[in-house]
Amino acid sequence: MNPILELLWAFVGLFLTIFGTMIEASLTNPLTSLGDGESTVLSLGVTYQVGAVLLVGCLGGKNAGALSQIAYLTLGLTPWFPIFSQGGGWDYITEPVFGYLLGFVPGAWICGWLAFRSRRHLETLAMSCLAGLAAIHITGWLYLWAARVPDERFWEIFWRYSAQPLPGQVTIACAAATIAYVVRRLLFY
């Protein structure tokens with residue numbers, strides 16, 4: 001891919017990740033509106049942040065995906081841009097959940113690498129997003145292990161940041177693959 005285009009996708013990915021942190025993902029059920037005229041909105045319990053990480057990998061490739069997430073981490077660790085979900089700054093490294101944010105870099109890279117290894121198919125993009133999501137969680141777990149988090153705290157963090165949001169994140173990953181498939185078809189690549 002053209003380096004200028006990769007840089008453009010990296011900027012897009014950075015901004016999508018920042019804004020994705022602020023927006024809660026939800027679904028509407030249009031079938032509930034058939035009887036009383038009201039539709040039900042179901043929260044997925046996650047934000048669009050992980051979806052942005054995976055989407056930039058699928059659209060911009062491995063370099064753009066990794067670069068956007070390195071920029072995101074760099075901005076978030078500065079005291080002037082508290083863009084992480086619970087603030088930011090250099091002290092955020094001591095938080096056990098920082099490993100999941102570190103996982104954005106290999107997650108975006110793996111997603112982008114797999115997304116461009118073969119022809120553009122929805123199944124390929126979906127599998128690349130799921131592999132990227134797995135990389136995010138594995139990196140988070142390794143960070144918890146390396147930080148020597150006590151067992152009771154480990155399982156609390158594991159439940160809160162891996163097990164509980166996983167169904168919503170899988171849904172977001174599938175949506176990111178679908179959006180990437182449509183955009184790549186429209187842009188002819």
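The largest share of the lining of the largest pocket in this predicted model comes from β2, with 3 residues. That pocket has a volume of about 510 Å³, while about 270 Å³ of space lies in the second largest pocket.

**The largest pocket**

- The lining consists of 19 residues, and those closest to the centre of the pocket are Thr47, Gln49, Ser85, Tyr161 and Gln169.
- Sorted by class, the lining of the largest pocket holds 10 nonpolar, 8 polar and 1 charged residues.

**The second largest pocket**

- Here 17 residues form the lining, and Tyr48, Gly51, Ile172, Ala175 and Ile179 lie nearest the centre.
- At least two lining residues come from each of α1 (3-20), β1 (24-29), α3 and α8 (166-186).
- Helix α8 supplies the largest share of the lining of the second largest pocket, 5 residues.
- By class, the lining of the second largest pocket has 13 nonpolar and 4 polar residues, and no charged ones.

**Helix α1**

- Helix α1 is made of 18 residues. From its first C-alpha to its last it reaches 25 Å, close to the 26 Å expected at 1.5 Å a residue.
- At the start of α1, the backbone nitrogen of Ile4 has a side-chain oxygen of Asn2 within 3.0 Å.
- Which residues of α1 are buried? They are Glu6, Trp9, Ala10, Gly13, Leu14, Thr17, Ile18 and Gly20.
- The cover over these buried residues of α1 includes β2 and α3.

**Helix α8**

- Helix α8 has 21 residues, so at 1.5 Å a residue it should span 30 Å. Its end C-alpha atoms are 30 Å apart, which agrees.
- Buried residues in α8 are Gly168, Gln169, Ile172, Ala173, Ala176, Ala177, Ala180 and Arg184.
- Among the elements that cover the buried residues of α8 are β1, β2, α3, α5 (104-115) and α6.
- Just after α8 comes Phe188, which takes a positive phi of about 60°.

- Gln169 lies in helix α8 and is one of the residues closest to the centre of the largest pocket.
- Is Gln169 buried or exposed? Its relative accessible area is 10%, and the cut-off for buried is under 20%, so Gln169 is buried.
- Leaving aside residues up to four places away in sequence, Gln169 touches Val46, Val50, Leu133 and His137.
- His137 has its place in helix α6 (residues 122-146).
- Because its relative accessibility is 5%, His137 counts as buried.
- Beyond four places away in sequence, His137 touches Tyr100, Tyr161, Ser162, Leu166 and Gln169.
- With one of these residues, Ser162, there is a polar contact: the side chains of His137 and Ser162 meet at 2.9 Å.

**Leu54**

- Leu54 is found in helix α3.
- The relative accessible area of Leu54 is 0%, so this residue is buried.
- Not counting residues up to four places away in sequence, Leu54 touches Gly107, Cys111, Cys129, Gly132, Leu133, Ala173 and Ala176. Of these, Ala173 and Ala176 are also among the buried residues of α8.
- How many residues apart in sequence are Leu54 and Gly103? They are 49 residues apart in sequence, and their C-alpha atoms are 11 Å apart in space.

**Gly87**

- Gly87 is located in the loop between α3 and α4.
- Why does Gly87 count as partly exposed? Its relative accessibility is 22%, and partly exposed covers the range between the buried limit, under 20%, and the exposed limit, over 50%.
- With residues up to four places away in sequence not counted, Gly87 touches Pro82 and Tyr92.
- Gly87 and Arg153 are 66 residues apart along the chain, and 21 Å separates their C-alpha atoms.

Notes:
Residues numbered from 1 in each chain as written. Predicted model: local features only at pLDDT ≥ 70, side-chain atom pairs only at ≥ 80, totals over all residues. Heavy atoms only, no water. 1 Å grid on protein atoms, 1.4 Å probe; cavity = no way out; pocket = protein on both sides within 12 Å on 5 of 7 lines; lining within 4 Å. Points joined across faces, edges and corners; volume = space filled by probe spheres on them. Helix = DSSP H or I, 4+ residues; strand = E, 2+ residues; numbered from the N terminus. Nonpolar A, V, L, I, M, F, W, Y, C, P; charged D, E, K, R; others polar. Expected span 1.5 Å × (residues − 1). Buried < 20%, exposed > 50% of the residue type's maximum accessible area, 1.4 Å probe, protein only. Contact = heavy atoms within 4.5 Å. Polar contact = N/O pair within 3.5 Å; in protein donor to acceptor, adjacent residues only side chain to side chain.
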